[in-house]
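Thank you all for making time this morning. I would like to walk through a few local features of one model, so please have the sequence and the coordinates open as we go.

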Amino acid sequence: DRSVSTVSIPAAASTLQRVQDTDWMYRTPPQPHTEERVHLWPRGKVLGGCSSTNWMVWVRGNPADYDHWANQLGCNGWGWNDVLPYFKNCETYRPNPNSEARGDSGPVKVGYIAEPNPTTERWLRACQEYGLELNEDYNDGEQFGCGRVQVNIYKGERQNTSVAYLHSNFERKNLHVRTGCTVTKVLIAKGAAPTATGVEISFGSSSSCNRRTVRAKKEVILSAGAVGSPHILMLSGVGPRNQLEQHGIEVIKDLPVGENLQDHLMLGYSNHSKLPITMDKADTFYNIARYLLCHRGPLASQGLEAVAFLNVRNETKAPDLQLHYVAAGGHNPEFNLNLGFPEETNADVEYAFTTIPTLLHPHSVGKISLASADPFEHPLVDPHYLEDPRDVALLREGLKIAREIHNRPALDDIRGEQVLDPELVEQGLDPSSDEYLTRVVRKWAITVYHPVGTCKMGSRGDPTTVVDSAARVKGIARLRVADASIMPSLPSANTNAPSIMVGEKVADMIKKGWGRQAHRVADPSA
């Protein structure tokens, strides 16, 4: 992935998505509840997966998320006290290595933006004026409040899982990394006890390319993500019977693969900045030279520099709304794509700042299904966005909260006019009205690219689950899934850190299951 020169540069994050070389370029069908829009679904197509193309936000989630998995959803051993040691294991938290809740020797280096934009401190003061408490570490088990965002950036460079886990292990004899090939299916020996025996891979990007079989001595582990893992399982004969039969695939195990798709939705609320101090024009010769020479300056930030966590509906102990703060919002085609702004919305905006309300626990649930039996044809990704009106209501409330924060005194010196949707204004809608905000939600909301749940984990007796609490595919021996697809519900978090935690925990289960020494697991009480 180092051949992709921009992967390591934090400020280049938006250039890595929706680009053929680094993104699988999935698309949804038109979504009826988002004004028939087709949503782009970025998924990382480089070593490190989405950790190489995301915005490097490090959030574990809320203890209540994981206790819900364990206590209500049948995921034994996945409560907060169970997963905390693996969160600690995977990180080196540099700001406070002595924190009892944080890791001090893991492969992923976590910290803060070294030189935050000057608007970020203003935004945090505005949040406090609104009534939110400043939270110095939202990852220590007390998540609510506002604070500077924690990032997996070290010395100005992205710390993806390739850097953290692969780069120091390339010389190991038991590791072979193959790029430029596609897994077309898992090989499963049929019989009374179907068993995974290996995978079939193809060199190239079409069904006519050369294929090769790779045999597994012990197990096959899928880590292709919430789109890729269910797709491979269904191509292998593991999935909903009616779908597999429809596409002429022999059914080996009838399981609800692809169901339970959940994703975070977001949209931006922006104001013009009266001062030219945001990151909208940070790619100057001086800033580029400074970054190249010493990895400092604005390009060492991805622009998303603060967050807040709130509970608006009070339905659970966990937050239901997250606010991301981006020190930008001026006209930029890549920025518009990443935040869902229609192209004409901020055409005249040079400098702006943006608060992004994010729906953490959607009621709308979608699915992944097969388009055909061709492994090179993308599966159908249908998230059913905003199908449940409660999701619309919460995002609308999020826009109101963003407006309240932007109107606080701390932002007086930079706050210009609100960035509005010109089409809706032309229709005569009052920007302060619920009607306008509802239309904006349906017209602007896009994915935060946090899909989970399509190989749902839970008890073996639960007909809605695909894998058990040890991540083993039900009814198929020696086959596991270890990625965000096994999460039974969305955590209150950007899913990068939880996905890495899943990998750490499943790796330990595999080693223990084969009588190998497991990783050193930090004592959660230590």
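This is a predicted model: local features need pLDDT of at least 70, side-chain atom pairs count only at pLDDT 80 or more; totals for chains, interfaces and linings use all residues.

Residues are numbered from 1 along each chain as its sequence is written, and side-chain values use heavy atoms, with hydrogens and water left out.

Let me begin with charge pairs. The structure holds 23 salt bridges, where a salt bridge is a side-chain nitrogen of Lys or Arg within 4 Å of a carboxyl oxygen of Asp or Glu. One of them joins the side chains of Arg-102 and Asp-137, at 2.8 Å from N to O. This pair links distant parts of the chain, 35 residues apart, with Arg-102 in the loop between β3 (91–93) and β4 (108–112) and Asp-137 in the loop between α3 (118–130) and β5 (145–148); helices (H or I, at least four residues) and strands (E, at least two) are DSSP runs, numbered from the N terminus. Arg-102 is buried at a relative accessible area of 3%, and Asp-137 is buried at 10%, buried being under 20% relative accessible area, exposed over 50%, and partly exposed in between, with a 1.4 Å probe and protein chains only.

A second pair is Arg-211 and Glu-200, whose side chains meet at 2.9 Å, N to O. Here too the link is between distant parts of the chain, Arg-211 lying in strand β11 (residues 211–215) and Glu-200 in strand β10 (residues 195–203), 11 residues apart. Arg-211 is partly exposed, at 36%, whereas Glu-200 counts as buried, at 16%. Salt bridges that share partners also join Arg-60, Glu-91, Arg-102 and Asp-137 into one network. A further salt bridge is formed by Asp-412 and Arg-415, at 2.6 Å from N to O, and Asp-412 is partly exposed, with a relative accessible area of 37%.

Next, helix α5, which spans residues 225–235: how many of its residues are buried? The count is 11 of 11, including Pro-230, His-231 and Met-234. After α5 comes Gly-237, whose phi is positive, near 95°.

Last, Asn-260, which sits in the loop between β14 (253–254) and β15 (265–266) and counts as buried, at 17% relative accessibility. Its side chain makes a polar contact of 3.0 Å with the side chain of Gln-262, a polar contact being a pair of N or O atoms within 3.5 Å, where within protein one must be able to donate a hydrogen and the other to accept it, and residues adjacent in sequence count only if both atoms are side-chain atoms. The Asn-260 side chain also reaches the backbone oxygen of Pro-488, at 3.1 Å. Leaving aside neighbours within four places in sequence, Asn-260 is in contact (heavy atoms within 4.5 Å) with residues including Val-365, Gly-366, Thr-454, Lys-456 and Met-487.
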